[in-house]
Amino acid sequence: MGKSVWVGKSFGRRAVVAGLAAALCIAPVALTGCGDDASSGGDAPAQEQEAPSTLDLAVGTSAELDNGLTITVDSVDTSLVDYDGSAIVGVHVTYVNGSEDTANYNPYDWKGEDANGAQESTVIYVDAVDQLNSGSLAAGGTVSGNMYFKGGTQKLLYFANTLLDDEPTASWNLA
């Protein structure tokens with residue numbers, strides 16, 4: 001420590017890259033002896049409590065997310081029929097923003113899943129009322145609304161990031 005390394009013209013980029021690579025290789029080795037653990041005579045680390053699962057929830061159950069949002073699937077209506085006679089499933093959801101930051105909400109964060117595992121976005125229902133729109137929710141704010149899915153939807157899936165997440169952040173069994 002305390003030494004400076006001069007990189008002259010003859011070393012250039014290769015020396016800098018080699019130096020960084022060496023530092024990255026040494027850092028993990030040096031850090032492994034820094035903490036207290038049972039092998040060094042210190043206290044064993046406290047066991048982390050596992051967060052409650054947000055998957056396969058019952059209707060009426062809330063999912064508390066890492067970003068401070070609490071989302072609840074309040075009710076399900078499987079008796080709806082569209083203009084063409086096709087079955088529609090209506091779902092009423094509520095968002096509560098328990099964080100200190102603004103949070104976004106959007107019906108496109110949701111998918112319905114049928115018995116075969118097919119996941120589909122919301123559908124247009126001509127008799128829709130109180131539809132969930134998209135927007136921002138201030139800290140401490142609440143917003144509720146309805147979403148509509150094809151008949152046969154058995155599970156409701158919420159994706160915190162629809163572009164990056166392959167698995168849902170939360171899910172509710174509707175049947």
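Reply: In this predicted model, five strands form an open sheet of mixed pairing, in the order β1-β11-β10-β6-β7. The edge strands, each pairing on one side only, are β1 (57-58) and β7 (119-120). Strands here are DSSP runs of E with at least two residues, helices runs of H or I with at least four, and both are numbered from the N terminus; two strands pair if DSSP finds at least two bridges between them.

Me: In which sense do β1 and β11 pair?
Reply: In general, strands of a sheet pair through backbone hydrogen bonds, either parallel or antiparallel. Here β1 and strand β11 (residues 170-173) pair in the parallel sense over two bridges, and alanine 58 stands opposite asparagine 173 in β11.

Me: Is threonine 72 buried or exposed?
Reply: Buried means under 20% relative accessible area, exposed over 50%, and partly exposed in between, with a 1.4 Å probe and protein chains only. Threonine 72, which lies in strand β3 (residues 69-81), is buried because its relative accessible area is 12%.

Me: Which residues does threonine 72 touch?
Reply: Contact means heavy atoms within 4.5 Å; leaving aside residues up to four places away in sequence, threonine 72 touches Gly60, Thr61, Ser62, His92, Val93 and Thr94.

Me: What should I keep in mind about the numbering and the values?
Reply: Residues are numbered from 1 along each chain as its sequence is written, and side-chain values use heavy atoms, with hydrogens and water left out. Local features need pLDDT of at least 70 and side-chain atom pairs count only at pLDDT 80 or more, whereas totals for chains, interfaces and linings use all residues.
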